[in-house]
Amino acid sequence: MSNTRQNHHPRPEEHGGAQRPVYQGAPANALPLTASEDRQWATLAHFGGILAFVPSLIIYLVFRDRGPFTAQESKEALNFTLPPSIAALTVWALSFIPEIGGFFAVLNAMIWVYVAVSSVIAGIECNRGRPYRYPLNLRRIQ
């Protein structure tokens with residue numbers, strides 16, 4: 001038996017079955033978010049600040065073109081969480097230095113407490129449908 005015969009897959013019309021539709025793929029543009037989904041993702045962008053800047057970055061990149069409230073609030077959350085996340089990572093690395101590491105460990109904890117509390121406050125306000133602006137925010141990402 002030849003190699004082409006072994007790899008032959010019969011077509012539906014060869015067996016009398018109905019022809020399967022050709023796969024068309026997913027639409028290029030995703031649907032806009034509903035009002036409740038828009039508020040939900042915007043809220044999650046703020047609550048995600050507890051885990052540093054990564055959740056707000058992902059939400060901003062994925063949903064910024066699908067909901068105006070999500071775009072605005074995820075950008076605000078990203079602008080707020082990025083600098084303290086970098087600072088906390090730096091301070092965490094410095095906490096391994098003998099004799100002064102304890103100071104940096106406490107400073108790291110203080111940074112995360114501030115970011116977590118601020119993120120929760122922002123998330124609660126955003127869940128109520130109100131835009132939130134962090135008092136200390138560089139707003140570098142436009």
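At 42% relative accessibility, R130 counts as partly exposed, where buried means under 20% relative accessible area, exposed over 50% and partly exposed in between (1.4 Å probe, protein chains only). The side chain of R130 meets that of E125 in a salt bridge, 2.9 Å from N to O, a term that requires a side-chain nitrogen of Lys or Arg within 4 Å of a carboxyl oxygen of Asp or Glu. This is a predicted model, in which local features need pLDDT of at least 70 and side-chain atom pairs count only at pLDDT 80 or more, while totals for chains, interfaces and linings use all residues. Residues are numbered from 1 along each chain as its sequence is written, and side-chain values use heavy atoms, with hydrogens and water left out.

**Salt bridges**

- A search of the whole structure finds 5 salt bridges, and E73 forms one with R133, the closest N and O atoms being 3.5 Å apart.
- Because E73 lies in helix α4 (residues 68-94) and R133 in the segment after α5, this pair ties together parts that are 60 residues apart in sequence; helices (H or I, at least four residues) and strands (E, at least two) are DSSP runs, numbered from the N terminus.
- E73 is buried, with a relative accessible area of 0%, whereas R133 is partly exposed at 39% relative accessibility.
- E76 and R139 meet through their side chains in a salt bridge of 2.9 Å, N to O, and this pair links distant parts of the chain, with E76 in helix α4 and R139 in the segment after α5, 63 residues apart.
- E76 is buried at a relative accessible area of 4%, while R139 is partly exposed at 30%.
- Salt bridges that share partners join E73, E76, R133 and R139 into one network.

**Aromatic pairs**

- The structure holds 6 aromatic pairs, counted for rings of Phe, Tyr and Trp (its six-membered ring) whose centres lie within 6.5 Å, with planes under 30 degrees apart called stacked, over 60 edge-to-face and the rest tilted.
- W92 and F96 form an edge-to-face pair, 5.0 Å centre to centre with 90° between the planes; W92 is partly exposed at 45% relative accessibility, and F96 is exposed with a relative accessible area of 57%.
- F103 and F104 also form an edge-to-face pair, 5.3 Å centre to centre with 70° between the planes, in which F103 is exposed at 56% relative accessibility but F104 is buried at 16%.
- Ring pairs link F80, Y114, Y132 and Y134 into a cluster.

**A buried serine**

- S56 is found in helix α3 (residues 54-63) and is buried at 0% relative accessibility.
- The side chain of S56 reaches the backbone oxygen of F53 at 3.0 Å.

**Annotated regions**

- An unreviewed UniProt entry lists residues 41-63, 77-97 and 103-124 for "transmembrane region"; UniProt positions are given in the numbering used here, feature names are shortened, and annotations may be inferred rather than shown by experiment.
- Over residues 77-97 the chain is 86% helix and 0% strand, with the end C-alpha atoms 31 Å apart.
- Over residues 103-124 the chain is 100% helix and 0% strand, with the end C-alpha atoms 32 Å apart.

How values were computed
Polar contact = N/O pair within 3.5 Å; in protein donor to acceptor, adjacent residues only side chain to side chain.
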